[in-house]
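Colleague: Could you walk me through how the labels on this model were decided?
Modeller: Gladly; here it is.

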Amino acid sequence: MVCYSISIIAIVSTFLTIYALSLFLNSKTKIFNEVNLVGINKGCDIYKGSWVLDESYSLYNASTCPFIEPSFDCQKNGRLDKDYFKYRWQPVGCNLPRFNGTELVLKYKGKRIMFVGDSLGQNQWVSLACMLHVSLPQAKYSMDKIGKIYTFTLLEYNIWLLFLGNPLIVDTVTQKGSRVLKIDSISSGNIWKQMDVLVFNTWHWWDRKGKKQTWNVIQEGNITYKDMDRMELYKKGLNTWAKWADTNLNSTKTRIFFQGVSPDHEG
């Protein structure tokens, strides 16, 4: 049995993403202004720090959150230790406030937030949904899946959290029975234009070979390749995504984040 862990790392990385988004929305709500700066003149980088054990965590119970799929619940799949739930991120030079879901929904009322990528992005999406559900247990919600799009909606606040499963971001299509990776094409972008916040991640599926590889051939313009250096392929894909975003997204309406590469799942 493979256990896809929704760990405190996923929870905290989600919070760091949402913290960064708050800077864009320029709100005065308390949750994001309670950062206790130890030395503001020296600067505070929330991405530099260490994991510290904190017995007041976790922010939700993975085994009771109704949105977590069975394969993502390590405890139900036999993992015995629980310390990995208890870690929180301690930046150098400042202290992060504890997550407050009530403050967050007031801040993001009427907004649409979408995670796009592989299961690492899915971890962030479901972690945020669980954190909000625990914070507002009486709030009415809906959870839907249509094709590759998962949608969690808090109806009272008209907040939409979406996840689009697209591990390569660029297009993969079937032509004449063959799976073609179109390295210079993005056709799923229309839905991205409707979002207020987009969080992308991609890497782990670019390096897979054999039965785990999701394409048979690579197409760039009118040129077809059987394979190429995977880092070069990855670079081409990111350039396609970046050019598409620069051309099609309004930076005054939509905030874009790219989540760095995280460790892969462990069996």
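Modeller: Trp51 is found in strand S2 (residues 45-53); strands are DSSP runs of E, at least two residues, numbered from the N terminus, and helices are runs of H or I, at least four. This is a predicted model, where local features need pLDDT of at least 70, side-chain atom pairs count only at pLDDT 80 or more, and totals for chains, interfaces and linings use all residues. Residues are numbered from 1 along each chain as its sequence is written, and side-chain values use heavy atoms, leaving out hydrogens and water.

Colleague: Why does Trp51 count as partly exposed?
Modeller: Its relative accessibility is 34%. Buried means under 20% and exposed over 50%, with partly exposed in between (1.4 Å probe, protein chains only), so Trp51 counts as partly exposed.

Colleague: Which strands are the edge strands?
Modeller: An open, mixed sheet has 6 strands in the order S6-S7-S8-S5-S11-S14. Its edges are strand S6 (141-146) and strand S14 (255-258), since each pairs on one side only.

Colleague: What makes strands S5 and S11 a pair?
Modeller: Pairing takes at least two DSSP bridges. Strand S5 (residues 112-117) and strand S11 (residues 197-200) run parallel and are joined by 4 bridges, so they pair. Ile113, for example, has Val197 in S11 as its bridge partner.

Colleague: Which strands does helix H3 touch?
Modeller: Contact means heavy atoms within 4.5 Å. Helix H3 (residues 119-135) packs on the sheet, touching S5, S6, strand S7 (149-154), strand S8 (159-165) and S11.

Methods: Axes are lines fitted to C-alpha atoms, for helices over the stretch in contact, and angles run from 0 to 180 degrees between N-to-C directions.
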